[in-house]
Amino acid sequence: MFILGIETSCDETAVSVLEIEENNNSVRIYPRANAIASQIKVHQPYGGVVPSLASREHLKNIPLVLEKAFQEAFSSFSEGWKRINLIATTTGPGLIPALLIGVNFSRALAWSENKPIIGVNHMEGHLLSFLLPPLNIEKEYSLPLTAFPAITLLVSGGHTQLVFVKKIGDYKIIGKTRDDAAGECFDKGARILGLSYPGGPAIAAEAAKYRKHKVNHLVFPISSNTEYIFHLPRPMINSSNYDFSFSGLKTALLYLTQNLGEKKTKQYRQVLSFELEEAITDVLVEKALKAAEEFRVKSIILGGGVSANQRLREKFRERIENEKREINFFVPSLEYTGDNAIMIALAAFFRYQKNPRKDFWSWKKIKAEANLELE
Ligand code: KG4
Ligand code: ZN
C-alpha cells in the first residue's frame, strides 16, 4: 500500500510517500518521497521556534511540499491519488498553531479524495524511525520484529522520554524530563555561548573542534591565585527514578559564563561546548542503560533530533562494548533523526494493520492536540 504522510508539529513542513507491504511473516518498507521545507532561517534570529511564524510558513509551504512529494513518488497528481491508500497526519504533541495547519490540510485532502486518515503521535514516529531505510531503498523485516522489547530514548527539542516498548503499539513512559528537554538544553546552551540555532549541531561542532585539537583548556587561571576548572553538573544522574532535569544544567552554564565574562566565554567556547555535550550525554546514556538492565530488554533504541548527536551514539556503543552488555543498539539513519513525514506514515501503517477498515479512519475523528501523550 501507499501512505501519504504529513507533518507540521514544529518548524519543518514535511510530506512523504511510503510504500509498505505486510506479507505472511514479514514487512517490506520502501520510502518513495521525503519532501521537507525547513524553517530554520526564519526562526534563527530569535534563537528558537516562534509559533506564529511557524504557522505562517507551514500555510505558505504545505501545498508546495505536497507537490514535491508527489513529483518524487509518482508520474502525476492523478496517478498519485489513484495509488494512495491512506493519509497519515501528525496530530500532536507540538505547537498548536503549527499542528493545525497540517491537520486541517490533511483532513481536507481525506475528505475531498475520500481516503482513510490516521492521526499519529509525533513521538511514536520518532520511536519507529530506526526502522526506516534511506529514500528509494527497500528493507524487509521478519515479523514479529526482533528489536522488541526495548528501551527507547526519545530526545528532541520538546521532549526527553524513556519508553519501555513491549512491542509496536505497547508503550509505557518510565521517565521524562521535569523541565527542559535535552534538545532545549543544547539550544539554550548555544544561545548562552553565542552560537546559532539550532543549538545541538552548533554545540556538537564546537565540542568536536575541542576534542580534535586536544588543547588542555580544562584548567586555566581566572585570577592570580584561583584555578577555575570547567565542570557542569550531571543532574539526576544517580536518582532512583528515570526522570531527567536539564534546566539546572543550563543555569550552571549561564553562571559559569557570567563569571568568565564575555571575552573569556568566547575564548573558551569550544571547551564549554564540550563540557555541555558531555554532561547532557552522560545523563542520557546512564539512565537509558540502567532502564535497559532493569527491564531486561533486547535493545536500546534512540529517536528524535538529538539522536543525531555522534557523541551520544559513541558513548552508548562504548559502554555496551566495554561492559559486555548483551544488547542491540539501534539509531535512525541521519536523514530521519529530525522531523520528517516518513516516520509518521510508518507509525500510521502499524495502526492500520491492526484495524484495516477504511470507513473507521474518518477525517471527522482527526483533531490536533498540543499535549498528546504517547500510549
Ligand atoms: O526532533 P526534532 O527535529 O524536533 C522536535 O520535535 O523538537 O529535534 C530538534 C532538536 C533541537 O533541539 C536540536 O538542537 C537538536 O534536536 N539536535 C541536536 C543535533 N541535531 C539536532 N542535538 C544534539 N546534537 C545534534 N547533532
Ligand atoms: Zn520531533
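Helices here are DSSP runs of H or I with at least four residues, strands are runs of E with at least two, and both are numbered from the N terminus.

Before going on, a word on conventions. This is a predicted model, in which local features need pLDDT of at least 70 and side-chain atom pairs count only at pLDDT 80 or more, while totals for chains, interfaces and linings use all residues. Residues are numbered from 1 along each chain as its sequence is written, chains are lettered from A and ligands numbered from 1 in the order in which they are written, and side-chain values use heavy atoms, with hydrogens and water left out.

The peptide bond leading from leucine 143 into proline 144 is cis, with omega near -5 degrees. A cis bond also joins phenylalanine 148 to proline 149, with omega near 0 degrees. Asparagine 136 sits in the loop between α5 and β6, and its phi is near 65 degrees, a positive value in a residue other than glycine.

Now let us turn to the metal. The zinc ion (ligand 2) is coordinated at 2.1 Å by His122 (NE2), His126 (NE2) and Asp339 (OD). Donors are N, O and S atoms within 2.8 Å of the metal (3.2 Å for Na, K and Ca), and as water is not among the atoms, sites may look incomplete. Along the sequence, the zinc donors follow the spacing H-x3-H-x212-D. Histidine 122 belongs to helix α5 and aspartate 339 to the loop between β13 (328–330) and α12 (342–354), so this pair ties together parts that are 217 residues apart in sequence.

Histidine 126 brings us to ligand 1: an N or O atom in the side chain of histidine 126 is 3.1 Å from an oxygen atom of ligand 1. The side chain of aspartate 187 places an N or O atom 2.7 Å from an oxygen atom of ligand 1, and a polar backbone atom of glycine 183 is 3.1 Å from an oxygen atom of the ligand. Taken alone, ligand 1 exposes 550 Å², of which the protein buries 85% (accessible areas come from the Shrake-Rupley method with a 1.4 Å probe; for residues, only the protein chains shown count as cover). The elements giving two or more residues to the shell around ligand 1 are α5 (122–128), α6 (182–192) and α7 (199–213). Of the 19 residues around the ligand, Gly157, Asp187, Gly200, Gly305 and Asn309 come nearest; a residue is counted as near if one of its heavy atoms lies within 4 Å.

What about empty space? Rolling a probe the size of a water molecule over the atoms shows where empty space is left. On a 1 Å grid over the protein atoms alone, a cavity is a set of points where a 1.4 Å probe fits but cannot get out, and a pocket is an open set with protein on both sides within 12 Å along at least five of seven lines; lining residues have an atom within 4 Å of a point. Grid points are joined across faces, edges and corners, and a volume is the space filled by probe spheres set on the points.

The whole structure has one cavity of 30 Å³ or more.

Conventions
Polar contact = N/O pair within 3.5 Å; in protein donor to acceptor, adjacent residues only side chain to side chain.
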